[in-house]
Structures are given as structure tokens and as C-alpha cells.
Amino acid sequence: MTTDMEKIVLDHGSGGKAYFRLISDLLVPSFDNPILARLDDSAVLDVGKNRLAFSTDTYVVDPIFFPGGNIGDLAVNGTVNDLAMSGAVPRYLSLGLILEEGFPTDDLEKILRTMKNAAAKADVLIVTGDTKVVPRKAADKIYINTSGIGIIPDGLNISGHNARCGDKIIISGTIAEHGIIILIQREKIEFESEITSDTAPLNSMVQRIIQASDGIHALRDPTRGGVGTTLNEIAIQSNIGIDIYEESIPVKEEVAAVCRLLGIDPLYVANEGRLIAFVSPDHVEKVLDAIRRCEHGKDAAIIGEVTSGHAGKVRMKTRIGGLRIVDMLTGEQLPRIC
Ligand code: MG
């Protein structure tokens, strides 16, 4: 092991710098293979004549019910979205449940109903599963794992490795809503707000933009670690520089207000129904237009571009005209966000 970490700390689950190191220093070398080493949102597998996307994710969000959703639709949408980020059409999901002894059956039924509806909306089937129950305090209420398979349309090659100089960067909507509503609920912050989680399936949006344009190079959903961390991942994977413009990044006023109040940068707050697209410059208007026509895309905006300099780094032009480096998230802002 090429790492000096002695014990796992919460920061290793943040989605940021420590998490990235845990994965690259310990997990990837443990199973060393070229499919895993790509580190996209889903593995891409050649099976017979088909190319499949395969992805897994575990959901430990606390609280399990929150404005805009619950752990159930989060678990369906999250895996659907990770499949969709390779351009795949998600088809089948598995469901792994870990339940704490004493968990109310009513709550479980409610969560399963939500999952059924979310699966129907995303047009996927939950086709296999597993259930474990552990003694009180051995887990907290409920954890859910979903894995998924999708089919990648012929000829499509969308990956975090494929962003290139000149690409424009689109965000599909306002940022930071999921993380902020979880924070408000968890910390019981007294704040009158209409904020709800943005959890949503993005697969139909992805299919629409693929149909609209063959100039989409990279897609990613900025979940844990937020937009700031996601852009850093792609800057590293594609070995490109990124410039973003603070004034173009859409943030709802009340989300911005909570961020100011708590001293949080919305660039590092989790989203669960947004995507970032790297698009060739001559295609950007039609992709933006296609996203804006989608149910969750009306606030889409171009937030930056890929530059020839500062490979592997993200810079932001601030509202007041300054320039600052946007690093990966360091330190755990809020564990159990998803
Ligand atoms: Mg993802």
C-alpha cells in the first residue's frame, strides 16, 4: 500500500481529495485492471455485440426522508444517472437492503413505493435483490445498494477522458440544492425555505442531447464533492485545463443565502439531478437548447470552457474579476449526504 493513512476517517467518504486518494492508492491497485482504471461513473463492458455500462452505488443518506425525496428514489436515480453519464440507456437495477433491527415496516413500504415510482419514471426494472437485517446500532435505520446495467448505443464514446481543448461546459440546472436541504434537515437549521432536493433521473435528458448532437465528449453528475470536485476529476482524467465563470453558475437565491450564512461554497455541495456536459463549441447551442427543453433542464447554462493551459487544474473567474484556483474538496463538509 502506497499510502500513509492508518485508519479510515469520514473525509475518505467525502467525494473529495481524500476519497480520490483512497480510491487511487488502495482500491484501484487492489483489483488492477484497465476497465476499473478508467474511473468513469460506470464501467464500460464489451459483451457479445453489445457495449454495456455497469455501475454500483450505496446510499446511506441521513435523514432518510427529506423535502423532494427519500433514500429510495435517491438510490434509483443515482445509479440510473451514473449509467446515463456514459450515454447508456439504463435497463436493469439490483437492490441490496441493509436494515437495522426495529426499523418500521411502514417506512420500508414507503421507501419501496418511492423506488417503484422512480424506476417506472426512469424506465428501468429492479430485477434482483438481497436483504440483510443487523442488530440495533450495527447500522443506522436503512442502507441501500443499487447496481445497474445499461446499453450504450453503437458508436458512442462519452467519457471523462474525452474532454478536449475548446469544449464548452454546460451545467443542466441550478446547483447545490440536494446538499443544502440535507444540511438544513440534519442540523435542524431554522430557515424558512422552499428548497427541495434536486434528485431526478437524467437518462431521458442524456438521450435527447445525444440525439441532438454528436459533439458531446464527457458527461458527469456532480454528486458528492459538487461541481468543483467533478470538474477537477475531468481536468485530471482528460489532462486539460478548465476555466469557469462565477457569474454564469446558476444558484437559486435561497440556496446562495444558506451557503453565505453557513460559510459554504456551493461549488462543493452535492447535486443529485444535475449533469455537466463537455461539448464541442460548434454544438453547444443545440445541446443547451435540448437540455432546456427537458423537465429538469430549464436553468441550464454554459459555465466555462476547456483551455490550452494549466492542464489538470480548474480556475474560476470571480464576479469581481479575480482569478482563483478551484481545487478538489478537502475535508468532509457533511457525511451521509447520499
Ligand atoms: Mg456519478
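Predicted model: local features only at pLDDT ≥ 70, side-chain atom pairs only at ≥ 80, totals over all residues.
**Pocket, cavity and helix packing**

The residues that line the largest pocket divide into 22 nonpolar, 17 polar and 11 charged. The volume of the largest pocket is about 1300 Å³. Of the 50 residues in its lining, Tyr 19, Leu 39, Asp 40, Asp 41 and Ser 42 are the closest to the centre. Several elements each give two or more residues to this lining: helices H1 (17-30), H2 (34-37), H3 and H7 (226-238), together with strands E1 (43-47) and E2 (50-59). Helix H1 provides the largest share, with 7 residues.

The lining of the largest cavity is made up of Asp 40, Asp 41, Ser 42, Val 44, Asp 82, Met 85, Ser 86, Ile 158, Ser 159, Gly 160, Leu 219 and Arg 220. By class, the lining of this cavity has 4 nonpolar, 4 polar and 4 charged residues.

The axes of H3 (residues 71-84) and H4 (residues 105-122) lie 7 Å apart, at an angle of about 30°. H3 and H4 are therefore roughly parallel to each other, as angles under 35 degrees count as such. The crossing in which H3 passes H4 is right-handed. On the H3 side, the contact is made by Ile 71, Gly 72, Asp 73, Ala 75, Val 76, Asn 77 and Val 80, and on the H4 side by Ile 111, Thr 114, Met 115, Ala 118, Ala 119 and Ala 122. Sorted by class, this contact has 9 nonpolar, 3 polar and 1 charged residues.

A further helix pair is formed by H6 (residues 203-212) and H9 (residues 284-292), whose axes come within 9 Å and cross at roughly 150°. That angle makes H6 roughly antiparallel to H9, the cut-off being over 145 degrees. The crossing of H6 and H9 is right-handed. Here Met 205, Arg 208, Ile 209 and Ala 212 of H6 meet Lys 286, Val 287, Ala 290 and Ile 291 of H9. The contact of H6 with H9 contains 6 nonpolar and 2 charged residues, with no polar ones.

Terms used
Residues numbered from 1 in each chain as written. Heavy atoms only, no water. Axes fitted to C-alpha atoms, helices over the stretch in contact; angles between N-to-C directions. Helix = DSSP H or I, 4+ residues; strand = E, 2+ residues; numbered from the N terminus. Parallel < 35°, antiparallel > 145°, perpendicular 65-115°, else oblique. Left-handed = near helix turned anticlockwise from the far one by under 90°. Contact = heavy atoms within 4.5 Å. Nonpolar A, V, L, I, M, F, W, Y, C, P; charged D, E, K, R; others polar. 1 Å grid on protein atoms, 1.4 Å probe; cavity = no way out; pocket = protein on both sides within 12 Å on 5 of 7 lines; lining within 4 Å. Points joined across faces, edges and corners; volume = space filled by probe spheres on them.
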